[in-house]
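Colleague: Could we go through this model together? I should like to look at a few residues one by one.

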Amino acid sequence: MELNDKETKFINRLIRRKIYFLIFSVSSSLMGVSLLIYHLINKNLNGPTFVLVVFILLSGRQNLRQYRISQLLAKVKPLIFVNNQEQ
C-alpha cells in the first residue's frame, strides 16, 4: 500500500504540529484542574460548570493522544518512506 501526496503532506503536517499538541494538552489540563479547584473552594460547582470542566479535561486528553501519535509517526516516518521508495 502506497501513500499518495495528500497522505504524505498530512503526516508531515502532523509531525510538525507535535509541539502544539503538547502545549495545548498541558494548558487544557492545567485550566481544567484550576477551574475545578476554584469552584470546589467557592462551593459553587453546579452541573453545567462540572460538565465544562470535564470537557476541558477531555480536550487536554485528546491533545495528548494526538501528541503521542505524532511522536510515533515521527519515529516510523523513515521506515514508511524507505519502504515506499524500494517498491
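Colleague: Is Gln-62 buried, partly exposed or exposed?

Modeller: Gln-62 counts as partly exposed, with a relative accessibility of 35%. The cut-offs are under 20% relative accessible area for buried and over 50% for exposed, with partly exposed in between (1.4 Å probe, protein chains only). Please note that this is a predicted model: local features need pLDDT of at least 70, side-chain atom pairs count only at pLDDT 80 or more, and totals for chains, interfaces and linings use all residues. Residues are numbered from 1 along each chain as its sequence is written, and side-chain values use heavy atoms, with hydrogens and water left out.

Colleague: Where is Gln-62 placed?

Modeller: Gln-62 belongs to helix H3. Helices here are DSSP runs (H or I, at least four residues), numbered from the N terminus.

Colleague: How far is Gln-62 from Lys-9, C-alpha to C-alpha?

Modeller: Their C-alpha atoms are separated by 22 Å, and the two residues are 53 apart along the chain.

Colleague: On to Lys-9, then. What do the side chains of Lys-9 and Asp-5 form?

Modeller: They meet in a salt bridge, at 3.6 Å from N to O. The criterion is a side-chain nitrogen of Lys or Arg within 4 Å of a carboxyl oxygen of Asp or Glu, and by that rule the count comes to 1 salt bridge. Lys-9 and Asp-5 are 4 residues apart in helix H1, so about one helical turn separates them. Asp-5 counts as exposed, at 51% relative accessibility.

Colleague: Which exposed residues does H1 carry on the face turned away from its buried side?

Modeller: That face carries Asp-5, Lys-6 and Arg-16.

Colleague: And which residues of H1 are buried?

Modeller: Thr-8, Ile-11, Leu-14 and Ile-15 are the buried residues of H1. They cover an arc of only 130° around the axis, which puts them on the same side of H1; the arc is that of the directions from the helix axis to the C-beta atoms.

Colleague: What span should H1 have, and how far apart are its end C-alpha atoms?

Modeller: The 12 residues of H1 (residues 5-16) should span 16 Å at 1.5 Å a residue, and the end C-alpha atoms are 17 Å apart, which agrees. The expected span is 1.5 Å times one less than the number of residues.

Colleague: What does the side chain of Thr-8 have beside it at 2.9 Å?

Modeller: The backbone oxygen of Asn-4 lies 2.9 Å from a polar atom of the Thr-8 side chain. A polar contact is a pair of N or O atoms within 3.5 Å; within protein, one must be able to donate a hydrogen and the other to accept it, and residues adjacent in sequence count only if both atoms are side-chain atoms. Asn-4 also has a side-chain oxygen that reaches to within 3.3 Å of the backbone nitrogen of Lys-6, at the start of H1.

Colleague: Which residues make up the largest nonpolar core?

Modeller: It has 6 residues: Ile-11, Leu-14, Ile-15, Phe-21, Tyr-67 and Leu-73. H1 and helix H3 (47-86) are the elements that give two or more residues to this core, and H1 gives the largest share, 3 residues. A nonpolar core is a set of buried Ala, Val, Leu, Ile, Met, Phe, Trp, Tyr and Cys residues joined through side-chain atoms within 4.5 Å.

Colleague: What does Ile-15 touch?

Modeller: Leaving out residues up to four places away in sequence, Ile-15 touches Ser-70, Leu-73, Ala-74 and Lys-77, where contact means heavy atoms within 4.5 Å. Ile-15 and Ala-74 are 6.0 Å apart, C-alpha to C-alpha, although 59 residues apart in sequence.

Colleague: A change of topic: is Ser-25 buried or exposed?

Modeller: Ser-25 is buried, at a relative accessible area of 5%. This residue sits in helix H2 (residues 18-41), and a polar atom of the Ser-25 side chain lies 3.0 Å from the backbone oxygen of Gly-60. Neighbours within four places in sequence aside, Ser-25 is in contact with Gly-60, Asn-63 and Leu-64.
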